[in-house]
Amino acid sequence: MVSRFLTRILLALMVGCCLSIAGAAYQGAFQNPLVFPDILGASQGAAFGAAMAILAGFTGALVSAFAF
């Protein structure tokens, strides 16, 4: 039981670290502290991939993989 919660906590920490690194990379690339992923179309690309996977009938991890 404890290991299950520990793995979720570690995964949440890793996701947070990756998001902060991605944000810092965007800010560094554009020299703008208010930049967000929509400028490069990353959000639209992920939404398109997920929508195609959902329309194709995939579920769960495959939808996430297509969004990635």
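Mentor: Helices (DSSP runs of H or I, at least four residues) and strands (DSSP runs of E, at least two) are numbered from the N terminus. This is a predicted model, in which local features need pLDDT of at least 70 and side-chain atom pairs count only at pLDDT 80 or more, while totals for chains, interfaces and linings use all residues. Residues are numbered from 1 along each chain as its sequence is written, and side-chain values use heavy atoms, with hydrogens and water left out.

Trainee: Where does Thr-59 lie?

Mentor: Thr-59 has a relative accessible area of 63% and is exposed. Here buried means under 20% relative accessible area, exposed over 50%, and partly exposed in between (1.4 Å probe, protein chains only). The place of Thr-59 is the loop between α2 and α3.

Trainee: How far apart are the end C-alpha atoms of helix α2?

Mentor: The expected span of a helix is 1.5 Å times one less than its number of residues. Helix α2 covers residues 42-55, so its 14 residues should span 20 Å. The distance between its end C-alpha atoms agrees with this, at 20 Å.

Trainee: Which residues of α2 are buried?

Mentor: On the other side of α2, Phe-48, Ile-54 and Leu-55 are exposed. The buried residues of α2 are Gly-49, Ala-50 and Ala-53.

Trainee: Why do the buried residues of α2 line one face, and within what arc do they fall?

Mentor: An α-helix has 3.6 residues a turn, so residues three or four places apart point the same way. The arc is taken from the directions from the helix axis to the C-beta atoms. The buried residues of α2 line one face because, seen down the helix axis, they fall within an arc of 95 degrees.

Trainee: Which helix do the buried residues of α2 pack against?

Mentor: Contact is counted when heavy atoms are within 4.5 Å. The partner of these buried residues is α3 (61-67).

Trainee: How many disulfides does the structure hold?

Mentor: A disulfide is a pair of cysteine sulfur atoms within 2.5 Å. The sulfur of Cys-17 has its closest cysteine sulfur in Cys-18, 6.9 Å away, which is too far for a bond. The number of disulfides is zero.

Trainee: What is the phi of Gln-31?

Mentor: Gln-31 lies in the loop between α1 and α2 and is exposed, at 68% relative accessibility. Most residues other than glycine have a negative phi. Gln-31 is a residue other than glycine, yet its phi is positive, near 55 degrees.
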